[in-house]
Amino acid sequence: MSYAGMNKHTGGVLTDLAHIRQSWSDILTTPLGSRVMRRNYGSLVPMLIDQPLNGVTRLRVMSAAVTALVRWEPRTRITGARLVVGADESLAVDVTGERVDGPHAGAIDSATIPLRGTAA
């Protein structure tokens, strides 16, 4: 069985991995407390992206990303997250995960999710 969802930009249909990538992006770019009926939805990542870019901040961003994705995207098991800093100081998170649902269980997926600037 394939899962179909809606593309938030076009209203078109997204299936399987494309919908998971969109979900990952939505989770990581939604600040906690910003959804009226779901105050706990989202992540701490938006709060961290303007902090000094040092080892501590990198670790906090990666930790916040994994924590939020584990909580809000039950179709995947997160196997890696890496903060990517562009030459133009853009930020993105490279996420890797494994499907745990349906006929695609075990499939590996990855995405680069822009957080600030043009990284992708």
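This is a predicted model: local features need pLDDT of at least 70, side-chain atom pairs count only at pLDDT 80 or more; totals for chains, interfaces and linings use all residues.

Which residues does D109 touch, not counting residues up to four places away in sequence?

1. D109 and its surroundings. D109 lies in strand β5, and the residues that it touches, leaving aside those up to four places away in sequence, are L17, I20, R21, W24, V95, T96 and G97. With one of these, R21, there is a polar contact from side chain to side chain at 2.7 Å. Because its relative accessibility is 5%, below the 20% under which a residue is called buried, D109 counts as buried.

2. Pairing of the strands. Strand β3 (residues 76-85) and strand β4 (residues 91-99) run antiparallel and are joined by 9 bridges; going through the partners, G80 is bridged to T96 in β4, and V84 is bridged to A92 in β4. On to the next pairing, β4 and β5 are also antiparallel, over 8 bridges, and here E98 has I108 in β5 as its bridge partner. Of the 9 residues of β4, 7 are buried, so this strand is largely enclosed by the rest of the structure.

3. The turn between β3 and β4. These two strands form a hairpin with 5 residues between them, and E89 is placed in that loop. A point to check by eye is the backbone of E89, which has a positive phi of about 65° although the residue is not a glycine. For background, most residues other than glycine have a negative phi. The relative accessibility of E89 is 56%, and because the cut-off for exposed is over 50%, E89 counts as exposed.

4. Helix α3, its length and its start. The 18 residues of α3 should span 26 Å at 1.5 Å a residue, and the C-alpha atoms at its ends are 26 Å apart, which agrees. At the start of this helix, a side-chain oxygen of N54 comes to within 3.1 Å of the backbone nitrogen of V56.

5. The two sides of α3. Which residues of α3 are buried? They are T57, V61, A64, A65, A68 and L69, and because they cover an arc of only 120° around the axis, they lie on the same side of α3. As a general rule, an α-helix has 3.6 residues a turn, so residues three or four places apart point the same way. The face of α3 turned away from the buried side carries exposed residues, namely G55, V56, L59, T67, V70 and R71. The cover over the buried residues of α3 includes α1 (16-29), α2 (45-48), β3, β4 and β5 (108-116).

6. A65 as an example from that buried side. A65 has its place in helix α3 (residues 55-72), and at 0% relative accessibility A65 counts as buried. Setting aside residues up to four places away in sequence, A65 touches L28, V45 and V93. For a sense of distance, the C-alpha atoms of A65 and G33 are 16 Å apart, with the two residues 32 places from each other along the chain.

7. The aromatic pair. The structure holds 1 aromatic pair. The ring centres of Y41 and W72 are 5.1 Å apart and the ring planes stand at 65°, so the pair is edge-to-face. This pair links distant parts of the chain, since Y41 is in the loop between α1 and α2 while W72 is in helix α3, 31 residues apart. Y41 is itself buried, with a relative accessible area of 6%.

8. Helix α1. The 14 residues of α1 reach 20 Å from the first C-alpha to the last, which is close to the 20 Å expected at 1.5 Å a residue. The buried residues in α1 are D16, H19, I20, Q22, S23, W24, D26, I27 and L28.

Note on methods. Residues are numbered from 1 along each chain as its sequence is written. Side-chain values use heavy atoms; hydrogens and water are left out. Two strands pair if DSSP finds at least two bridges between them. Helices (H or I, at least four residues) and strands (E, at least two) are DSSP runs, numbered from the N terminus. Buried means under 20% relative accessible area, exposed over 50%, partly exposed in between (1.4 Å probe, protein chains only). Contact means heavy atoms within 4.5 Å. The expected span of a helix is 1.5 Å times one less than its number of residues. The arc is that of the directions from the helix axis to the C-beta atoms. A polar contact is a pair of N or O atoms within 3.5 Å; within protein, one must be able to donate a hydrogen and the other to accept it, and residues adjacent in sequence count only if both atoms are side-chain atoms. Rings of Phe, Tyr and Trp (its six-membered ring) pair if their centres lie within 6.5 Å; planes under 30 degrees apart count as stacked, over 60 as edge-to-face and the rest as tilted.
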